[in-house]
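Dear colleague,

Please find below the structure that I am handing over to you. My findings follow it, arranged by topic.

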Amino acid sequence: MRATSTMVAVAAALSGVLLAISPVSAAPVDDSSELSAQNVNSSLNTLPCVTGGPSQQDEQNAAALNPQLTNTMRGNMTAYRASCARAVVQAVKDRGLNQRAAAIAMSTVIVESTIRNVDGGDLDSVGLFQQRDSWGSFADRTNPVKATNKFLDVMQQFYPNGSWNTAPIGDVAADVQRPREDLRFKYGVEANDAVKIANLLWGAPPATAGMRSVVTAGGTQLFGIGADGHVMSTFWSPNITDNGGWHAWFAIPTGYADGTAAPGATVSVTTLNGQTQLFTTAPDGRVISTFWSSSIPTNGGWREWFAIPTGYADGRVASGSAVSVTMINGQVQLFATAPDRHVISTFWSGSIATNGGWHEWFSIPTGHADGVTAPGSTVTAGGTQLFTTGADGRVMSTFWSPNITTNGGWHAWFAIPTGYADGMTAPGSTVSVTTINGQAQLFTTAPDRRVMSTFWSASIPTNGGWHEWFTIPTGHADGVTAPGSTVTAGGTQLFTTGADGRVMSTFWTPTTTDNGGWHAWFAIPTGYADGVTGRGAAVSVTTINGQAQLFTAAPDGHVMSTFWSASITTNGGWHSWFAIPTGHADGRVRL
């Protein structure tokens, strides 16, 4: 193997779950954006890196990476290269190593093959890493998983006891590859881009997005995505004498996509023109909406679903993107992430005569990461301020002001770093916002899955007024959440899913003198499923009948709930969990 080949493909496992490797005998791949390497000639056959070829997610990740990179791969990431990077990163993950190991492997494949799995190269070198005959058979060296593990074997041999964690990325890569002395510098040149690729792909969703079980509470009415993909709903009424006062679940079909939602989609709810209005994402990626009106005599009063197209990406969103809604300047405004992972927005106005009153979609760029988000990110709106996770994994924010005359009134995106994990989040994390003690406060999960927080104060002269990030530990699971969990803020109380799958909570009070004023985390067990949630389930909170009430999904998909009452003397005042069944899909949401 030689470092005289040009750069190849940064690391990274774009989509999450590694697909099986295609046999070497598969037909060569046509990658039209091949770089001309010194020894990895562009005329060589390019072999598949994953079964089935590049996915739509690979294409989206390539589009997101191209503007972020600064060296050889800038503008040259393709869906094929992203699929190869995905295979490398997932192999690192499956071995139990970290993102730095993935970045080391990425800098290597950028230099050696420009992230192409080629059937030749310098002398007898082949594959992503341009490994020579002495490294194994042709089949093994052109199998991205086996080739990556061969590379990692040597890395750990040369750098025992994890010492590669503290050595420069370029030095580790060069020591494994052993190029001529005058070529060692190449790996270091690509190190920064390798880190960007590895970080982005480490948290990317699977090529086939999974289902997210999120129950959205709008007052006394619940909305979710049924097991069949249809948006469904139920509501509570004191006049309903069975099923705990809950109406049987019913679907809200007809119209665009017949009211079915894309994998990973959630339902957002707001009030527009005095009417309850819903938003979600159709299977083709378009944002769709419906609203309820007493003047509609069919479909339970719900208008047939309609798309909100035109403008940026024609109103299509990234796989797994949620639609957030808030009021800005007196107008209902939506936010989501486009297929290239830029934050995009639209708003409704009675003065817009076309597109159902919706402005064409537009992006909110400039600043940190140019407004490009991490895979699977959600845009959280807190008044006129937005929060999400940037492509580098850091929490970032922007806000709207009538005094800003450029970028549509939006401030350039800025990161909120320093403190715990330097403001870096776990893959797929969301950012929640609430007001505590008169201050805006954010919550998310760190890479080690601990809940962490920051707050803004005019008295903080540094970091844009944001306190350094801090964790909220102690108590149940020591504040460590389950993978993919969301931290839900209800006033001064937080709810999430613990590492053991149980719903857990903490609350802030000025009378608590330690742990930053936060109570130790406690589980809310007993009853249906013993308070254990389904995979990826979030916890929603609302007030019904004057009581705080929680909703989530059990492992069997049933929506389940509990509420707090001062008259309950056990379980910390929380009622035992109960399911809300009957009706459409028997009250089961997608898991």
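The term pLDDT denotes the predictor's confidence in each residue, on a scale from 0 to 100. It applies here because this is a predicted model. The chain averages a pLDDT of 86, and 91% of the residues score at least 70. Residues 1-30, however, have a pLDDT below 50, although this stretch makes 161 contacts in the model beyond near neighbours in sequence. A further stretch, residues 204-212, also stays under 50 and has 37 contacts beyond four places in sequence. Where pLDDT is low, the predicted coordinates should not be read in detail.

Salt bridges

How many salt bridges does a search of the whole structure find? The search returns 17, and I describe some of them here. Side chains of opposite charge can pair when their charged atoms come close.

The side chains of R95 and D153 form a salt bridge with an N to O distance of 2.6 Å. R95 is located in the loop between α2 (79-94) and α3 (99-113), while D153 belongs to helix α5 (residues 144-158), so this pair ties together parts that are 58 residues apart in sequence. R95 is partly exposed, because its relative accessibility is 27%. D153 is likewise classed as partly exposed, at 42% relative accessibility.

R394 and D422 also meet through their side chains in a salt bridge, at 2.2 Å from N to O. The loop between β14 (385-389) and β15 (395-399) holds R394, and the loop between β16 (414-415) and β17 (432-436) holds D422; the pair therefore ties together parts 28 residues apart in sequence. The relative accessibility is 22% for R394, which counts as partly exposed. D422 counts as partly exposed at 29%.

Helix α2

Helix α2 has 16 residues and spans 22 Å from its first C-alpha to its last, close to the 22 Å expected at 1.5 Å a residue. Of its 16 residues, 14 are buried, so the helix is largely enclosed by the rest of the structure. Just after α2, G96 adopts a positive phi of about 90 degrees.

The sheet of β5 to β8

Strands of a sheet pair through backbone hydrogen bonds, either parallel or antiparallel. In this model, four strands form an open sheet in the order β5-β6-β7-β8, with antiparallel pairing. The edge strands are β5 (268-272) and β8 (306-307), each of which pairs on one side only. Strand β7 (residues 287-291) is joined to β8 by two bridges in the antiparallel sense. Within this pairing, I288 stands opposite A307 in β8.

Strands β22, β23 and β24

Strand β23 (residues 503-507) has four of its five residues buried, so it is largely enclosed by the rest of the structure. Which strands pair with β23? Strand β22 (residues 493-497) pairs with β23 in the antiparallel sense over five bridges, and strand β24 (residues 522-523) pairs with β23, also antiparallel, over two bridges. T497 stands opposite V503 in β23. On the β24 side, the bridge partner of S505 is F522. The hairpin of β22 and β23 has five residues between the strands, and in this hairpin G501 takes a positive phi near 90 degrees.

The surroundings of T434

T434 lies in strand β17. Its relative accessibility is 13%, so T434 counts as buried. A polar atom of the T434 side chain lies 3.3 Å from the backbone oxygen of G491. Leaving aside neighbours within four places in sequence, T434 is in contact with Q439, A440, Q441, F443, A489 and G491.

Yours sincerely

Key: Residues numbered from 1 in each chain as written. Predicted model: local features only at pLDDT ≥ 70, side-chain atom pairs only at ≥ 80, totals over all residues. Heavy atoms only, no water. Buried < 20%, exposed > 50% of the residue type's maximum accessible area, 1.4 Å probe, protein only. Pairing = 2+ DSSP bridges. Salt bridge = Lys/Arg side-chain N within 4 Å of Asp/Glu carboxyl O. Expected span 1.5 Å × (residues − 1). Polar contact = N/O pair within 3.5 Å; in protein donor to acceptor, adjacent residues only side chain to side chain. Contact = heavy atoms within 4.5 Å.
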